[in-house]
Amino acid sequence: MTGMDRVDEAFWAHPRAGFLPAELHARAHEDRPLPIGHGQTSSQPSTVAAMLRLLDVPPGARVLDVGAGSGWTTALLGHLVGPEGTVYGVELERDLAAWGAANQPTDQPWARERRADPAVLGLPAAGPYDRILVSAEARELPQALADQLAAGGRMVLPVRGEMLLVERAPDGGLRTTGHGGYRFVPLR
């Protein structure tokens with residue numbers, strides 16, 4: 001694996017095909033969003049890689065994966081945090097959450113997906129988090145998720161077509177920077 005960074009290694013360890021409906025396995029290599037049912041998509045691999053690099057997930061981190069869908073990003077994040085870390089994947093669609101949970105690698109028990117509580121954004125009871133990945137587009141920065149970010153933490157999410165990096169300073173303040181245009185399914 002010479003020349004591969006940690007994100008490349010995660011992609012190699014958890015190929016997208018294993019997180020797609022069987023009829024789409026042959027298209028897993030395409031750098032485009034693919035439908036996974038219930039109006040949701042598996043994001044294009046180059047976008048997922050860019051988000052993970054921006055998130056800069058260290059080993060041992062506590063991570064929240066919002067909009068986990070088929071479980072691919074939860075598995076990738078699980079690879080990045082390693083056995084000393086924890087990843088909580090949450091998905092609103094009941095059937096997708098069950099499928100995503102079933103897709104999780106058995107050798108990564110520290111990374112699990114569950115159905116999100118429709119009345120709560122994120123999973124505040126298990127926070128705060130060192131990293132938060134949001135794979136759905138918000139209309140504005142969701143304060144409920146920012147409140148779940150630990151001091152020194154990073155959150156990556158699309159807001160109104162722009163990928164944002166939100167960083168929580170040790171004093172509790174937030175710094176937000178933009179990192180290009182992207183489109184996602186809406187955050188609900």
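These legends accompany several views of one predicted model. Residues are numbered from 1 along each chain as its sequence is written, and side-chain values use heavy atoms, leaving out hydrogens and water. Local features need pLDDT of at least 70 and side-chain atom pairs count only at pLDDT 80 or more, whereas totals for chains, interfaces and linings use all residues.

View 1. Thr73 is buried, with a relative accessible area of 8% (buried means under 20%, with a 1.4 Å probe and protein chains only).

**View 2. The surroundings of Thr73.** The side chains of Thr73 and Asp65 are joined by a polar contact of 2.7 Å (a pair of N or O atoms within 3.5 Å; within protein, one must be able to donate a hydrogen and the other to accept it, and residues adjacent in sequence count only if both atoms are side-chain atoms). Asp65 is also one of the residues in contact with Thr73 once neighbours within four places in sequence are set aside; the others are Val48, Ala68, Leu133 and Ser135 (contact means heavy atoms within 4.5 Å).

**View 3. The protein around this site.** Stepping back, the protein has 5 helices and 9 strands, and its C-alpha trace spans about 50 × 35 × 30 Å along the principal axes. Of its 188 residues, 50% count as buried. Among contacts with a separation of 6 or more, 53% are between residues 24 or more positions apart.

Conventions:
Helix = DSSP H or I, 4+ residues; strand = E, 2+ residues; numbered from the N terminus.
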